[in-house]
Amino acid sequence: MKVGIVGAGMVGSAAGYAIALTGGASEIVLVDYKPALAVAQAEDIAHAVPFAHPCRVLAGDYDDLAGATVVVLAAGVPQKPGESRLSLLSRNAEVFSEVVARVIKAAPDALLLVASNPVDIMTEVALRASGLPPERVIGSGTILDTARFRTLLGAHLGIAAGSVHAYVLGEHGDSEVLVWSSARVGTETVARFGAQLGAAITDEVRDRIDAGVRQAAYRIIEGKGATWYGIGAGLARIVQAVRNDQSSVLSCSIVTPEVEGVQDVALSLPRVVGSKGVIGTLAPDLSPDEAAGLRRSAEVLKETSARLF
Ligand SMILES: NC(=O)C1=CN([C@@H]2O[C@H](COP(=O)(O)OP(=O)(O)OC[C@H]3O[C@@H](n4cnc5c(N)ncnc54)[C@H](O)[C@@H]3O)[C@@H](O)[C@H]2O)C=CC1
Ligand SMILES: CC(=O)C(=O)O
């Protein structure tokens, strides 16, 4: 399977690296408006391939995306320390107005996988600019926040993050909703599991984990200027679900007809992802507070996108 990546900066290159290491593609093409950067990233990633799965890693122009099954969109500007994701909107929407048209011209059958922030609104921008159906324009959404939630819960409970079933829904951003009410380990709620193992989920623990997830990007950007490994792996996970037609349940973003009374909004819900893109959406069972939080998140995104459309 051929995967294109537009934007060969930190996120695009981390995605390429993760896709190569996980066997997510037989060919990866990196495109950037700084061609020398794309060439250097492709060469560097290619040197990891002998340690992993066979894969050709190349730099190219838009024409070289022809035949791609998935094109990752990671072009644009990242946040500066303290800056919110939503503040990037006008600059990245301008970048997408050029990039999406060129991708669709070269690879009309590709599924678009959006990473650029604010990722939910950029998913809507890509949907409108591409003319593709919503299930084929997927934003990474809260796949990263869900991973952060599982990491912190796993560390608190003393179990593998992969054994925690818990989701972050809504905006990939400040208004996101950590769904504690259905968070589980095996057959147990995390509260019962924690109580059994002497790792109680107290209000203090919940607040610490909530802040740990919600503030993660701000903290990492303060420390190293940007985030890239987590999202690179999250993008590779979505590519794997498409490549292997896995019907995996992943929290990711597509434009959705109705969420908690808000119409036509892109945000994350648990989605079933396979070779055709998003083939199903789960209606999560939320507590009243979580449902209100999801509605607020949908409203924030709707109000922000109304500035563009
Ligand atoms: N969805 C998520 O969970 C995450 C999203 N991001 C977002 O991903 C985006 C990229 O972040 P980084 O890779 O750190 O930034 P970066 O600055 O390292 O890379 C962006 C790349 O886009 C390229 N670019 C800009 N305009 C372009 C155009 N018109 N055509 C082609 N290429 C163009 C630049 O040359 C640069 O190489 C940002 O919007 C950032 O906020 C970052 C981390 C997590
Ligand atoms: C930058 C960003 O969106 C993140 O790391 O969550």
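## Two ligands between two domains

Ligand 2 lies between domain 1 (2-139) and domain 2 (142-308), because both domains give residues to the shell around ligand 2; the domain bounds come from an automatic or database domain assignment. This is a predicted model, in which local features need pLDDT of at least 70 and side-chain atom pairs count only at pLDDT 80 or more, while totals for chains, interfaces and linings use all residues. Residues are numbered from 1 along each chain as its sequence is written, chains are lettered from A and ligands numbered from 1 in the order in which they are written, and side-chain values use heavy atoms, with hydrogens and water left out.

The residues around ligand 2 are Gln-79, Arg-85, Asn-117, Leu-144, Arg-148, His-172, Ala-217 and Thr-227, where a residue is near a molecule if one of its heavy atoms lies within 4 Å of it. By class, this shell has two nonpolar, four polar and two charged residues; Ala, Val, Leu, Ile, Met, Phe, Trp, Tyr, Cys and Pro count as nonpolar, Asp, Glu, Lys and Arg as charged, and the others, Gly among them, as polar.

Ligand 1 also lies between domain 1 (2-139) and domain 2 (142-308), since both give residues to the shell around ligand 1. That shell has 27 residues, and the closest are Val-11, Asp-32, Val-77, Ala-115 and Asn-117. Sorted by class, the shell around ligand 1 holds 15 nonpolar, nine polar and three charged residues.

The table lists polar contacts of both ligands, a polar contact being a pair of N or O atoms within 3.5 Å; within protein, one must be able to donate a hydrogen and the other to accept it, and residues adjacent in sequence count only if both atoms are side-chain atoms.

| Ligand atom | Protein atom | Distance |
|---|---|---|
| oxygen of ligand 1 | backbone N or O of Met-10 | 3.0 Å |
| oxygen of ligand 1 | backbone N or O of Gly-76 | 3.2 Å |
| oxygen of ligand 1 | polar side-chain atom of Asn-117 | 3.0 Å |
| oxygen of ligand 2 | polar side-chain atom of Asn-117 | 2.9 Å |
| oxygen of ligand 2 | side-chain N or O of His-172 | 2.7 Å |
| oxygen of ligand 2 | polar side-chain atom of Thr-227 | 2.6 Å |

On its own, ligand 2 has 220 Å² of accessible area, of which the protein covers 90%. Ligand 1, taken alone, exposes 850 Å², and the protein buries 91% of that. Accessible areas come from the Shrake-Rupley method with a 1.4 Å probe, and for residues only the protein chains shown count as cover.

The elements that give two or more residues to the shell around ligand 1 are α1 (10-21) and α3 (89-106), and α3 gives the most, with four residues. Helices (H or I, at least four residues) and strands (E, at least two) are DSSP runs, numbered from the N terminus.

Two features of the backbone complete the description. Asn-117 is joined to Pro-118 by a cis peptide bond with omega about -5°, and Pro-118 lies in the loop between β5 (111-114) and α4 (119-130). Ser-247, although it is not a glycine, has a positive phi of about 55°, and Ser-247 is found in the loop between α9 (229-243) and β10 (248-259).
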